[in-house]
Amino acid sequence: MVSATSGATVARVRDASSAVDLAAGPQGYVLRTATTEDVGGARAVMLDTVYHDLRSGYVPRWHADIIDLEGAYLRPERCTLLVVRHGDEVVATGAVRDRGPQSPPNPRWVADRFPSGSTAQLCRIYVRPEHRRHGLARSLVRELGVFAAGAGGYTSLYLHTDPAVPGAEPFWRSMAYEVCDERQLPGGGQGIVHFELPMPAPVGP
């Protein structure tokens, strides 16, 4: 899903319409806010990840947002979808949704700590295997944090991860701090780990 990364230069484009005029980094990656033309490529990255890395396959109650990316992330003002393009291909994705973890299935105290409305949840941070270890996931997380800080009303930056996915747990532990490791709960819970990241300071105009 994600892995520790080395520092590639990534061109960041907040206005997708200017992408053609911005010189990308030497490795050819461009990070930008998704538009309708990116939706198909982003969906392909996400579905490949849930089938091949997460090994869950498509489960409607977990993955409905993948089918309706525009309704989930492009239209709501306080949500966003970022993509990394390499040439004509979307090779990485990352999103912010405006709701926290729900209980059930998550522990009640975790849901209470991260209520919807004031919680920016990072999700769908996926990188195609052949493009990992180029700093893409870290760049996405950084830019998603900047978006959340500037969106207004968010006080927490939350995510959860499946530690069974190779590289996922150490990646997030290098950037965030653990809130709850469900493997330590009676019965093992869902086996996932909940994290919080520091909310960046808002960027001035």
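Let's start with the rings. This is a predicted model, and the count of aromatic pairs in it comes to 2.

Take Phe114 and Tyr158. Their ring centres are 4.9 Å apart, and the planes meet at 40°. Stacked needs under 30 degrees and edge-to-face needs over 60, so at 40° this pair is tilted. Where do the two residues sit? Phe114 is in the loop between helix H4, residues 108-113, and E5. Tyr158 is in strand E6. Buried or exposed? Both Phe114 and Tyr158 are buried.

Now the other pair, Phe171 and Trp172. The centres are again given as 4.9 Å apart, but here the planes stand at 80°. That is over the 60-degree cut-off, so this pair is edge-to-face. Phe171 has 0% relative accessibility and counts as buried. Trp172 has a relative accessible area of 4%, so Trp172 is buried too. The limit for buried is under 20%.

One more ring. The charged end of Arg78 sits over the ring of Tyr154, 4.0 Å from the ring centre.

How enclosed is E6? Of its 6 residues, 5 are buried, so E6 is largely enclosed by the rest of the structure. Its partner is E5: the two strands pair in the parallel sense, over 3 bridges. Look at Ala120, which stands opposite Leu157 in E6.

Both strands also take us to the largest pocket. Strand E5, 119-127, and strand E6, 156-161, each supply at least two residues of its lining, and so does helix H2, 60-67. The space in this pocket is about 960 Å³. The lining has 31 residues. Which of them are closest to the centre? Trp62, Arg97, Gln121, Arg124 and His160. By type, the lining divides into 16 nonpolar, 9 polar and 6 charged residues.

Last stop, helix H2, where we find Ile67. Ile67 has 45% relative accessibility. Buried is under 20% and exposed is over 50%, so Ile67 counts as partly exposed.

Definitions and conventions
Residues numbered from 1 in each chain as written. Predicted model: local features only at pLDDT ≥ 70, side-chain atom pairs only at ≥ 80, totals over all residues. Heavy atoms only, no water. 1 Å grid on protein atoms, 1.4 Å probe; cavity = no way out; pocket = protein on both sides within 12 Å on 5 of 7 lines; lining within 4 Å. Points joined across faces, edges and corners; volume = space filled by probe spheres on them. Helix = DSSP H or I, 4+ residues; strand = E, 2+ residues; numbered from the N terminus. Nonpolar A, V, L, I, M, F, W, Y, C, P; charged D, E, K, R; others polar. Phe/Tyr/Trp six-rings, centres within 6.5 Å; stacked < 30°, edge-to-face > 60°. Buried < 20%, exposed > 50% of the residue type's maximum accessible area, 1.4 Å probe, protein only. Lys NZ or Arg CZ within 6 Å of the ring centre and 35° of its normal. Pairing = 2+ DSSP bridges.
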